[in-house]
Amino acid sequence: MDDRMFRTAMGKFATGVTVIASEVEGQVHGMTANAFMSVSLDPKLVLISIDKKAKMNEVIHKANKFTVNILSGEQQEMSMIFAGQIKENKHVEFETFEGLPVIENSLVSLACSVYQSHEAGDHTLYVGEVLNLNVKDGEPLAFYEGKYMQMT
Ligand code: FAD
Ligand code: NAD
């Protein structure tokens, strides 16, 4: 099975889109991710999967904390910025929540500390314990077959 066939198959699983953010030595770093899931209610745990080659992997490893920002349908540009799909450098203003950087106007922002991490092939799975969260009304941004979609 080649990589393209695997990605085509995985792309049939419609997801929302998040931006993972963290900070090391005063430098905020963000990265678009759709490999996100809810894991446990007691304690409150979530999971993200980060490519070992991604700068974000090193940032979370050092910070031991991160935020998950679930994007609204109006935030496709944020996803494109933090996936490197917009080439020019765009200035993004982050808000601070529980001492961590969050993307303003996200549908949900979760402040997490690393509860566990697991090596899984070419990715690292980070289980995050949710320290606090913010929820706003709105429609989510969706991702399907490698394309952004609106729910309405
Ligand atoms: P870089 O590639 O260096 O940074 C990413 C981009 O964010 C750059 O353009 C950078 O300029 C910008 N940026 C970072 N911080 C700031 C800041 N403070 N202010 C302004 N701009 C900033 N990869 C995974 O590992 N796991 C996933 O679950 C995943 N899901 C994805 C889902 C979608 C829909 C897409 C489009 C991509 C996904 N990716 C995923 C791929 C991942 O988003 C990209 O490979 C990304 O470029 C990797 O980021 P990096 O941490 O290596 O940093
Ligand atoms: P795509 O067709 O490459 O992705 C479709 C699906 O395949 C994704 O939703 C994801 O489930 C899976 N996938 C893609 N790359 C993967 C990887 N390296 N590891 C594990 N699963 C992966 O969609 P696209 O629009 O071409 O994606 C844009 C870029 O973002 C590509 O470079 C892609 O590799 C990357 N991406 C990475 C992940 C990830 O690392 N988990 C997830 C989504 C997209």
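The shell around ligand 2 splits into 2 nonpolar, 4 polar and 2 charged residues. In this sorting, Ala, Val, Leu, Ile, Met, Phe, Trp, Tyr, Cys and Pro count as nonpolar, Asp, Glu, Lys and Arg as charged, and the others, Gly among them, as polar. You're looking at a predicted model, where local features need pLDDT of at least 70 and side-chain atom pairs count only at pLDDT 80 or more, while totals for chains, interfaces and linings use all residues. Residues are numbered from 1 along each chain as its sequence is written, chains are lettered from A and ligands numbered from 1 in the order in which they are written, and side-chain values use heavy atoms, with hydrogens and water left out.

So who is in that shell? Arg4, Arg7, Met10, Gly11, Asn34, His123, Phe143 and Gly146 surround ligand 2; to be near it, a residue needs a heavy atom within 4 Å. Helix α1 (residues 3-10) gives the largest share of this shell, 3 residues. Helices (H or I, at least four residues) and strands (E, at least two) are DSSP runs, numbered from the N terminus.

Now zoom in on the polar contacts, pairs of N or O atoms within 3.5 Å (within protein, one must be able to donate a hydrogen and the other to accept it, and residues adjacent in sequence count only if both atoms are side-chain atoms). His123 puts a polar side-chain atom 2.6 Å from an oxygen atom of ligand 2, and Arg7 has one 2.8 Å from an oxygen atom of ligand 2. Gly146 uses its backbone instead, with an N or O atom 3.4 Å from an oxygen atom of ligand 2. On its own, ligand 2 has 650 Å² of accessible area, and the protein covers 61% of that. These areas come from the Shrake-Rupley method with a 1.4 Å probe; for residues, only the protein chains shown count as cover.

What space does ligand 2 take? That space is the largest pocket, and a molecule sits in a cavity or pocket if more than half of its atoms lie within 2 Å of its grid points. The search runs on a 1 Å grid over the protein atoms alone: a cavity is a set of points where a 1.4 Å probe fits but cannot get out, a pocket is an open set with protein on both sides within 12 Å along at least five of seven lines, and lining residues have an atom within 4 Å of a point.

The largest pocket holds about 1400 Å³ of space. Its lining has 34 residues, and Arg7, Asn34, Ala35, His123 and Phe143 lie nearest its centre. Helix α1 turns up again, giving the most to this lining with 6 residues.

Let's move on to ligand 1. It has 24 residues around it, with His29, Thr32, Ser49, Asp51 and Met56 coming nearest. β3 (27-33) supplies the largest share of this shell, 6 residues. By class, the shell has 13 nonpolar, 8 polar and 3 charged residues.

Here the listed contacts involve backbone N or O atoms: the one in Ser49 lies 2.9 Å from a nitrogen atom of ligand 1, the one in Gly30 lies 3.2 Å from a nitrogen atom, and the one in Ile81 lies 3.2 Å from an oxygen atom. The protein covers 73% of the 980 Å² of accessible area that ligand 1 has on its own.

Definitions and conventions: Points joined across faces, edges and corners; volume = space filled by probe spheres on them.
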